[in-house]
Each structure stands twice: as structure tokens, then as C-alpha cells.
Amino acid sequence: MIAYERPVRFEDVDAAGNWSMLGEGVGPEDWVAPAEVRVYRFSTGSKGWVGLGVQTSSESLSCSIYDAGHRLLGDGCQQYLNLEQGSYLLMIRLPRRDGAQPLRFRPVLLGLAGAQAEVPQDYLK
């Protein structure tokens with residue numbers, strides 16, 4: 001968990017090792033408080049389409065995906081990205097706002113096998 005007052009930089013989090021590993025499917029339940037960020041690392045088996053989602057009761061979260069070169073690849077908590085084989089970082093934030101409460105969520109990643117498997121159409125609806 002990282003509290004932030006300024007934008008969190010991928011390279012700072014990556015170097016500190018302040019992240020959890022995610023695999024295919026629905027990830028573990030987690031909580032994030034206002035002005036905090038949760039960071040997850042995931043890897044793709046080969047080039048292909050990867051779906052990102054977040055199960056939560058609110059639309060208040062902010063999500064970003066970065067590549068190993070610390071480049072932002074996408075923003076939003078529902079993404080469908082064509083990724084190369086490699087390692088990536090998912091950052092989930094809850095911005096500070098008056099009256100905001102901690103929020104429970106579960107990250108969802110599908111298609112990590114890359115071209116070897118496709119994201120089920122049911123998840124894309």
C-alpha cells in the first residue's frame with residue numbers, strides 16, 4: 001500500500017518491490033483507502049489480447065497499466081489491450097475526495113496466455 005500526494009511513478013514502485021503478483025482470472029479481494037494505490041505485477045505468456053477489469057461496487061477507482069519500460073499503455077478500469085510477451089504493472093488508485101471511504105475491489109485479468117488463448121466473449125460484454 002502506498003499513500004500518494006503526487007502522481008505515483010511506475011519506476012519508484014517497481015524498484016521498491018511494493019507490488020503483488022496477479023495471475024489469470026479474478027484476483028484476491030483487496031481494499032484501498034482514499035489517496036492510496038495498490039500495485040500488481042502480471043506477465044503474459046505470448047503476444048495477444050489481455051482483458052482488464054475490476055469487480056467493485058463503485059466507479060471511483062482509477063486504473064493504469066505500464067510496461068517494463070515504464071511507459072503508460074492504458075488508463076481505465078476496463079481495458080482490452082494487445083500486449084507483447086512480458087511483464088506489466090497494474091496500478092489501482094482511489095483518489096482523495098471529501099467523504100470518500102475505503103473501497104473493496106478484486107482485479108480481473110484474462111488472456112495472459114496471449115495468442116495461446118482468447119478472452120472469453122462472456123467477459124467482454
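Does Cys-63 count as buried or exposed, and at what relative accessibility? At 1% relative accessibility, Cys-63 counts as buried, where buried means under 20% relative accessible area, exposed means over 50%, and partly exposed lies in between (1.4 Å probe, protein chains only). This is a predicted model, in which local features need pLDDT of at least 70 and side-chain atom pairs count only at pLDDT 80 or more, while totals for chains, interfaces and linings use all residues. Residues are numbered from 1 along each chain as its sequence is written, and side-chain values use heavy atoms, with hydrogens and water left out.

**Overall architecture**

- The protein chain contains two helices and eleven strands; helices (H or I, at least four residues) and strands (E, at least two) are DSSP runs, numbered from the N terminus.
- Read from the N terminus, the order of elements is β-α-β-β-β-β-β-β-β-β-β-β-α.
- Of the 125 residues in the protein chain, 44% count as buried.
- The protein chain exposes about 7,000 Å², of which carbon and sulfur atoms supply 48%; accessible areas come from the Shrake-Rupley method with a 1.4 Å probe, and for residues only the protein chains shown count as cover.
- Among contacts (heavy atoms within 4.5 Å) with a separation of 6 or more in the protein chain, 76% come from residues 24 or more positions apart.

**Strand E7 and its partners**

- Strand E7 covers residues 62–67, and five of its six residues are buried, so the rest of the structure largely encloses this strand.
- E7 pairs with strand E10 (residues 86–94) in the antiparallel sense over six bridges; two strands pair if DSSP finds at least two bridges between them.
- E7 also pairs in the antiparallel sense with strand E8 (residues 72–75), over three bridges.
- Tyr-66 has Leu-72 as its bridge partner in E8.
- Four residues separate E7 from E8 in a hairpin, and His-70 in the turn has a positive phi of about 65°.

**The disulfide**

- A disulfide is a pair of cysteine sulfur atoms within 2.5 Å, and by this rule the count comes to one.
- The disulfide is formed by Cys-63 and Cys-77, whose sulfur atoms are 2.0 Å apart.
- The link of Cys-63 and Cys-77 is right-handed, with 90° about the S-S bond.
- Cys-63 lies in strand E7 and Cys-77 in the loop between E8 and strand E9 (79–83), so the pair ties together parts that are 14 residues apart in sequence.
- Cys-77 counts as buried, at 18% relative accessibility.

**Ser-64**

- Ser-64 is found in strand E7 and counts as buried at 2% relative accessibility.
- The bridge partner of Ser-64 in E10 is Met-91.
- The side chains of Ser-64 and Asp-75 are joined by a polar contact of 2.6 Å; a polar contact is a pair of N or O atoms within 3.5 Å, and within protein one must be able to donate a hydrogen and the other to accept it, while residues adjacent in sequence count only if both atoms are side-chain atoms.

**Nonpolar cores**

- A nonpolar core is a set of buried Ala, Val, Leu, Ile, Met, Phe, Trp, Tyr and Cys residues joined through side-chain atoms within 4.5 Å.
- The largest nonpolar core has 21 residues, and those with the most contacts inside it are Phe-42, Leu-61, Leu-90 and Ile-92.
- E10 gives the most to this core, with four residues.
- A second, separate core of five residues includes Val-39, Tyr-66, Leu-89 and Met-91.
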